[in-house]
Amino acid sequence: VWFGGTGDSHLQAAEKDLTLAYQSPNIHLLRDWAVDQAEKANYRTVGIYAGPLGFAYNTELLAKKKLTPPACWSDLIKPEFRGEVQMANPHSSGTAFMALATLVQLSGEEKAFKYLKSLHRNIKLYPREGNTPLKNTSQGQNAISISFIHDVPGEVMAGFPIKGVMPCEGTGYEIGSMSIVKGARNIVNAKRFYDWALTAPAQDLAAQAKQFQLPANIRATVDLRVPDISKMKLIRYDFEKYGSPEERSRLLEKWEREVNNPPS
């Protein structure tokens, strides 16, 4: 079972026939967006949680450098944040690809890539894993990370001076998903796990593991530290389009060509 991670990767795998179609008898227990994710993939995947994209900043580091905390995407390209921002590499990170796709949907492709070129000047590092920028920011290696907001409470619980921000212009969100790998050797137990993972008791375990996404099960307990996406300015993220292998490859190639390694 492939458990968790941004849903666009699961949709891509479904389109490439890498995952098994399976409609769990527990699907009726899920929120609409989780069921919609399953229907788009002909039940080769299903949504298990949702969480908003944004950024986070180290409160102590910003205070020490006398920098105003960012509130909008537009703040991240200010000259005072030169070398202070981390975002994962979108080639290897679903979090970072969602940031790329979010910006394209938020302002249009031309403006988004102009923004990404400006942001590149302020980027200190493009780590491979999506959560690494937040970890590095929490530890004071830089001031700001582009991250999922639901990962911030865990850092706060660990004692780090970190605060999450929902960008004022609006932002995208992930539908974390679950799929059964096609050709799985233990298919009976895979389906048992799949069914159990969609129940309220299973999803109640997330907060104990310091995971604060919104659970897909409508009866699951929503921890008070889970970001309230109903109060956020979210775009109508096109999971189907940006989960397609063709669109993903096209945008990644363009990002590599025009942003990460532009012609000198």
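Start by selecting Lys254, which lies in helix α12. Helices here are DSSP runs of H or I with at least four residues, strands are runs of E with at least two, and both are numbered from the N terminus. Before you click on, know that this is a predicted model, where local features need pLDDT of at least 70, side-chain atom pairs count only at pLDDT 80 or more, and totals for chains, interfaces and linings use all residues. Residues are numbered from 1 along each chain as its sequence is written, and side-chain values use heavy atoms, with hydrogens and water left out.

**Stop 1**

Is Lys254 buried or exposed? Lys254 counts as buried because its relative accessible area is 15%. The cut-offs are these: buried is under 20% relative accessible area, exposed is over 50%, and partly exposed is in between, using a 1.4 Å probe and protein chains only. Now show what Lys254 touches: setting aside neighbours within four places in sequence, Lys254 is in contact with Glu109, Phe113 and Val259. Contact means heavy atoms within 4.5 Å.

Next, colour the rest of the buried set in α12. Along with Lys254, the buried residues of this helix include Pro245, Glu247, Arg248, Leu251, Leu252, Trp255 and Val259. The buried residues of α12 pack against α1, α4, α5 and α11 (239-242).

**Stop 2: helix α5**

Which residues of α5 are buried? Pick out Ala112, Phe113, Tyr115, Leu116, Ser118, Leu119 and Asn122. A handy thing to know while you look: an α-helix has 3.6 residues a turn, so residues three or four places apart point the same way. To see the partners of the buried residues of α5, show β3 (85-86), α4 (94-107), β4 (123-125), β5 (144-148) and α12 (245-260).

**Stop 3**

Jump to Gln12, found in helix α1 (residues 7-15). Gln12 is buried, since its relative accessible area is 15%. Leaving out neighbours within four places in sequence, you'll find Gln12 in contact with Gly243, Pro245 and Arg248.

Now step back to Thr6, in the loop between β1 (2-3) and α1. With a relative accessible area of 7%, Thr6 is buried too. What does Thr6 contact, beyond neighbours within four places in sequence? Select Gly94, Thr95, Phe148, Glu174 and Ile175. Then try a distance: Thr6 and Ile180 are 174 residues apart in sequence, and their C-alpha atoms are 15 Å apart in space.

**Stop 4: two loop residues with positive phi**

Go to Asp17, in the loop between α1 and α2 (32-40). Its phi is near 65°, a positive value in a residue other than glycine. Asp17 counts as partly exposed because its relative accessibility is 35%.

Asn42 sits in the loop between α2 and β2 (46-58). Here phi is near 55°, again a positive value in a residue other than glycine. At 56% relative accessibility, Asn42 counts as exposed.

**Stop 5**

Find Cys168 in the loop between β6 (162-165) and β7 (173-179). Cys168 counts as partly exposed, at 40% relative accessibility. Apart from neighbours within four places in sequence, Cys168 is in contact with Ala71, Cys72 and Lys233. Draw a line from Cys168 to Leu20: these residues are 148 apart along the chain, and their C-alpha atoms are separated by 39 Å.

Then select Pro201, in helix α9 (residues 200-203). Pro201 is exposed, with a relative accessible area of 57%. The C-alpha atoms of Pro201 and Tyr49 are separated by 14 Å, although the two are 152 residues apart along the chain.

**Last stop: zoom out**

Show everything. How many helices and strands does the protein have? There are 12 helices and 8 strands. The C-alpha trace spans about 55 × 40 × 30 Å along its principal axes, and buried residues make up 54% of the 264 residues. Among contacts between residues at least 6 apart in sequence, 75% join residues at least 24 apart.
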